[in-house]
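Student: I would like to go through the labels used for this model and hear what each one rests on.

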Amino acid sequence: MMEEGQRSSVAERYICIHCHFYQPPRENPWLESVEIQDSAYPFHDWNERITSECYAPNLASRTVNGYGRITDIVSNYSRISFNFGPTLLAWMSTFAPAVYEGILEADRLSVSQRSGHGNALAQVYNHIIMPLANARDKRTQVIWGIRDFRKRFGREPEGMWLAETAVDLETLEHLAGGGILFTILAPHQAMKVRKIGSGKWKDVTEGRIDPTRPYVVRLPSGRRITVFFYDGPISNAIAFERLLKSGEDLAMRLVSGFRADRNWTQLMHVATDGETYGHHHRFGDMALAFALHHVEKKRLARLTNYGEFLERFPPTHEVKIHENTSWSCAHGIERWRSDCGCNSGGHGGWNQAWRRPLRKALDWLRDELARAYMENAGRYLRDPWAARNDYIDVILDRSVETVDDFFAKHGRRVLAADERTLVLKLLESQRHALLMYTSCGWFFDEISGIETVQIIQYAGRAIQLISEISGDDREKTFRSLLEKAKSNMPEQGDGGRIFDRFVTPAVIDLKKVAMHYAVSSVIEDFGDRTEIYSFTVDKEDYFRIAAGRTTLAVGRVLVASRITGDSERISFALLHLGGHAFNGGAREYLGEEGFQSMRTEITAAFERADFAEVFRLMDHHFGMHNYSFTSLFRDRQHAVMNLLLKDTYDKYELVYRDLFEGERILMSFFREAGMAVPNVFRAAAEFILNLDLRKAFSQEILDGNNIRGLVKEIEKWGLGYDTVQIETIIRNRLKEQMLLLQANPSDIALIDAVKASTELSRLLPVEVNLWEVQNIYYSMARSVYQDIAREASGNRLEAVEWVKAFVELGEKLGFDTGSIPGR
């Protein structure tokens, strides 16, 4: 042991950067999928956008030289501590599988590099504020978080992240009881510390705890758990003080947290939202990558993770925590239940008084759902709450085999199909009862915000599921409780009106799924079985007839939920009058005789072009179950509208092209005479020139002269570029060309094609995202390049020419090709 005051050596200095990667669950509670979110444009939704800006870049982050050229591409995940929200990983596994697999691989690599300890931590399942949950929900959140982690990462988690680091002793008991060794808290959440075995406690309130060592918490049950308190000032500087503008500055700020007068092995560690590195701060991932490289290269400290450090340097001190505190509320955990003054800013006249009645409404609903669950599930399950804890296995794998195993373990007896459906509905009501407590519902400023609407929709789904079983009308009471939550926006009114506006219209039953199928069926042909989000639709009888722009579709389908197994045979009729004019009806199938009678009558009226009679017959056969274009789910609505707009755009092109080309000489005279060019001509010119530019970059072989001419025309008239669409076309073109080159690496003509596309794209003031293209090049530089370079060293002419062309391409893509490791 070193003497007091002696400076620690580099070997006794460790750095760990923790990133909390998380997005709230955004799935439509009925469809189990994230629908298109216009606010995330040009991306489909916010998960996709933040993946592009943050999660993907951190998987392949660039280190650059002083000239801004790429010298290496590295995975930050393999060198930092991190946790991902389970619901985010579930989305990512389907919609960003390469990123998902890269994250899992980075953890596997870290296990081999960090003495058997992986970088990944688990997280309480759907990011609820644990101190505000009852004991039963706390237990389920921990169990689901652990099992989700085990399923994905293939190992047991050592640490677990608490949502907003919100903590109380009961929560720590559940973590320790689940085998969790440690968690991470903010420095102000520590109250007193003392050396283990010492009798005297030291006050460390207001963030005065030394963050460079781990501390043990002794729990009332006799269990223990370790807590790491991150460095507050440096974490705050990373998140809010633009420290990420320079990777070297970040490295030196981290190192500044060490002190020479500490006579113990020091761990300098920080914790922030992972989205800080790329989403909140553009190129933050690169600053992180450079800082980690700089620390290692200069031997300023050793990189580690919490599990490795804890094994090597067990706690020598214990701590008492401030219960009911968090990292993002100065008032403890009030941000998630009261108008404490914490908000996201920007709306000075607003209040968050809606938080308390919202939580009270959800607490009432939680208890009602729990009562209904116990009353019904107890007839079928040995231990309903143990079954709920194990239901995570079904959530993670909804195969028939997994569901069978679940019922074999928990069923009181062999259950019939309808009984299994009932139990699954009960369990789903409990899943949504947990999802409705996702913390983001209270974090922001306004009850009508998308995060809060999302959790109210989860509540709506839970109410629907229970009502289908018990028939009780809990919606009326729940809505009346929500009325006490007043919006800051007069047009939104209160929580009750928000429920009416955003939840009631969103409710989906099997008939709505059938009508989505019916409307879609006049636009595209379906096979015998079609998957529509979390439902399957089996076509049993279908007839379609067209007359000009008008189409009639009549059919019978079997619609089934892949979540609960609930199913219904439904008959429908749909009249499409062209464009977005759809009108139809659906109802439960009442037998073949009734179905054929309906089909014959409506078809006969359609063939007479008696559309008024068609509508009357629909009303007669389907009653109030009438549907229209709005019956389509949001993504299909967008797709249909884009299809319909294509004809409109074609008409615009004819009119605008005639105006632009017909009046171009006259408008040139206006411009040369110093006169203002009429806005109508400028609008036509901008539309046509951008359209032609998009077409030019979509050609199989690029016409450089044409593209240069178009760019010259746009600049001549001082017009704007359609940057989003043009960037998308160029990026996809380059990606396709690089994938083709990767598949046919010896074809030098393909290298020239990528070079040509890159050169022509630089004529435009459009920043093309080359992330995927550069990744492919980097992979080739470390593999196929080496083989051909060896051939070039033997003076084989074709290889020499290939190497020259490949290096030139690397320069155009922003690489310092001579610095790529392994090249």
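The turns below take the labels one at a time and set each against its definition.

Tutor: This is a predicted model, in which local features need pLDDT of at least 70, side-chain atom pairs count only at pLDDT 80 or more, and totals for chains, interfaces and linings use all residues. Residues are numbered from 1 along each chain as its sequence is written, and side-chain values use heavy atoms, with hydrogens and water left out.

Student: What makes the contact between Glu368 and Arg474 a salt bridge?

Tutor: A salt bridge needs a side-chain nitrogen of Lys or Arg within 4 Å of a carboxyl oxygen of Asp or Glu. The N to O distance between the side chains of Glu368 and Arg474 is 3.3 Å, so the pair qualifies. The two residues belong to distant parts of the chain, 106 residues apart: Glu368 is in helix α10 (residues 355–377) and Arg474 in helix α17 (residues 474–482). Helices here are DSSP runs (H or I, at least four residues), as are strands (E, at least two), and they are numbered from the N terminus. The structure holds 65 salt bridges.

Student: Are Glu368 and Arg474 buried or exposed, and how do you know?

Tutor: Buried means under 20% relative accessible area, exposed means over 50%, and partly exposed is in between (1.4 Å probe, protein chains only). Glu368 has 18%, so it is buried. Arg474 has 5% and is therefore buried.

Student: How far along helix α22 are Asp650 and Lys646 from each other?

Tutor: They are 4 residues apart in that helix, which means a separation of about one helical turn. Their side chains meet in a salt bridge, at 3.3 Å from N to O. Asp650 has a relative accessible area of 33%, so it is partly exposed. Lys646, at 47%, is therefore also partly exposed.

Student: What does the salt bridge between Arg664 and Glu713 tie together?

Tutor: The side chains of these two residues meet at 3.2 Å, N to O. Arg664 lies in helix α22 and Glu713 in helix α24 (residues 704–717), so the bridge ties together parts that are 49 residues apart in sequence. Arg664 is partly exposed because its relative accessible area is 27%, whereas Glu713 is buried because its value is 16%. Elsewhere, Glu540, Asp541, Arg556, Arg569, Glu592 and Arg599 form one network, joined by salt bridges that share partners.

Student: What makes Leu645, Tyr649 and Tyr652 a nonpolar patch?

Tutor: Patches are made of residues with over 30% relative accessible area and no salt bridge; nonpolar side chains (Val, Leu, Ile, Met, Phe, Trp, Tyr) are joined within 5 Å, and like charges within 9 Å. Tyr649 has a relative accessible area of 46%, so it is partly exposed and lies over the 30% limit. Tyr649 is in helix α22 (residues 634–672). Together, the three residues have about 290 Å² of accessible area, a value from the Shrake-Rupley method with a 1.4 Å probe, where only the protein chains shown count as cover for residues.

Student: Which way does α25 pass α27?

Tutor: The crossing is left-handed, a term for a near helix turned anticlockwise from the far one by less than a right angle; clockwise would be right-handed.

Student: Why does Asn795 count as exposed?

Tutor: Its relative accessibility is 66%, so it falls over the 50% cut-off. Asn795 lies in the loop between α28 (784–793) and α29 (797–812). Its phi is near 65°, a positive value in a residue other than glycine.
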